Amino acid sequence: MRTRRDFLVQSGLSTAALLLARYNGLAQESLPAAEGPASSQHPPAGQPVLAPASEGQTPAPQAPAPASTNPAVQPNPDLIQQLRAAAAAETIKTTKLIDTIFLLQGVGGNIVCQIGPDGKLLVDSGIDTGTRHLLNALGKLDMHPLKLLVNTHWHFDHTSGNAALHLQGAMVVAQTNTRIRLSSPQYMQVYDVHFTAASDAALPQDTFPDTETLWVNNDQVDLVYTPDAHTDSDIFVHFVKGNVIHTGDLWFNGMYPLIDLSSGGTINGMIRGVDQVLALADDHTQIVPGHGAEGDKDDLQAYREMLVTVADRVEKLKAQGNTVQQAITAKPTADLDATWGKGSIQPNTFVALVYDSL
Ligand SMILES: [Zn+2]
């Protein structure tokens, strides 16, 4: 039987499409482990973040830079173009969570759509090259138009579809810093990529500093800010009656997460944010991560324990006077890597990100 990987390889999009599949929790068992050390000499499989977009942010021209010696950097400039191409070719996988809430995967970060008489509410807009696939998938859910788009944070793989969806009639809602970051040039250290400001059509029209509640489609939808976490612009989205939470990139299910230090992210902020989600979840809550398969409270609790374990170990190494390179050499995640080290962020890179944010 042909696996999804076979199909992707034969489609000529092997590397990038496999990456997208990994991030979207598809065919995980058939995916190879990421290769190589976290050194910038051999950049491992990357994450679908910050691809350039005609309507969104675009990478700023850059002179070739010498290879970074910073272990928290794993540059791969070609990856962005590969991911845009893959999103253009990818199909959408739709999963019904409850009768009125669906998970859509395939074109960037995980997308959630709530349907009902008030019109569709979408959480995140994916990579813009996949927007036509997204619109096709939305059209199959019900006949009501898209009215609201919530961004969980500013990263490209969650906001690149904003402009096209806004032009379709959606009002874009996000935390204040999402608009600020989309409005101005950005630098993402972990991939060593610079971005220009997004177009006006891509910017959120409604912003809030802390928490906002939307009352739509017979549910209470809480948008809750989690400061200094994956970035400084993260919210999670809680459908209270539906008992569904989209965590944004607070949660990479089954993987070491990206902590975007250049956007204000910190390991301790991520842990605090995860704790906020756990405090709201019960045994029946369906929790959607930014990347990976949907899960439940136990899955998120296991991820939380991993974050705390790594943070504690790295903090001790740092307190003992070890440099970041010495901390990496000590292999503080050795017993965890088989479980958590197969995603886009390599163990060494994760240790460096944690070290630098403590
Ligand atoms: Zn992100």
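Predicted model: local features only at pLDDT ≥ 70, side-chain atom pairs only at ≥ 80, totals over all residues.
Which residues are exposed on the other side of helix α4?

Let's begin with the overall picture. The protein has 12 helices and 14 strands. Of its 358 residues, 54% are buried. Now take the contacts with a separation of 6 or more: 70% of them are between residues 24 or more positions apart.

Next, the sheet. Seven strands form an open sheet with mixed pairing, and their order is β1-β2-β3-β4-β5-β6-β9. The edges are held by β1, residues 93-98, and β9, residues 206-208; each has a single partner strand, so one side of each has no neighbour in the sheet. On average, neighbouring strands here are turned by 20° against each other, ignoring direction. A quick reminder for anyone new to this: strands of a sheet pair through backbone hydrogen bonds, either parallel or antiparallel.

For a parallel example, look at β5, residues 146-150, and β6, residues 171-175, which are joined by 3 bridges. Val150 has Val173 in β6 as its bridge partner. Lying across β6 and β9 is helix α7, residues 176-183, which runs at about 105° to β6.

Now back to my opening question and helix α4, residues 131-139. Its buried residues are Thr131, His133, Leu134, Ala137 and Leu138. Looking down the axis of α4, you find these buried residues within an arc of 155°, so they line one face of the helix. On the other side, the exposed residues are Asn136 and Gly139. Here is the general idea behind such a pattern: an α-helix has 3.6 residues a turn, so residues three or four places apart point the same way. And what do the buried residues of α4 pack against? Their partners are β1, β2, β3, β4, β5 and α6.

Asp124 is not a glycine, yet its phi is positive, at about 80°. Is Asp124 buried or exposed? It counts as buried because it has 30 C-beta neighbours inside 10 Å, and the cut-off for buried is 20 or more.

Let's compare that with another loop. Strands β10, residues 211-216, and β11, residues 219-225, pair in the antiparallel sense over 6 bridges. One of the pairings links Thr211 to Val224 in β11. This hairpin has 2 residues between the strands, and Asn217 takes a positive phi near 50°. Asn218 lies in the loop between β10 and β11, and its phi is positive too, near 60°. Asn218 is exposed, with 12 other C-beta atoms within 10 Å.

My last stop is helix α8, residues 267-280. From its first C-alpha to its last, this helix of 14 residues reaches 21 Å, close to the 20 Å expected at 1.5 Å a residue. Its buried residues are Ile267, Gly269, Met270, Gly273, Val274 and Val277. These cover an arc of only 160° around the axis, so they sit on the same side of α8. What do they pack against? The list is β12, β13, β14, α9 and α12.

Key
Residues numbered from 1 in each chain as written. Helix = DSSP H or I, 4+ residues; strand = E, 2+ residues; numbered from the N terminus. Contact = placed C-beta atoms within 7 Å. Pairing = 2+ DSSP bridges. Axes fitted to C-alpha atoms, helices over the stretch in contact; angles between N-to-C directions. Expected span 1.5 Å × (residues − 1). Arc of directions from axis to C-beta.
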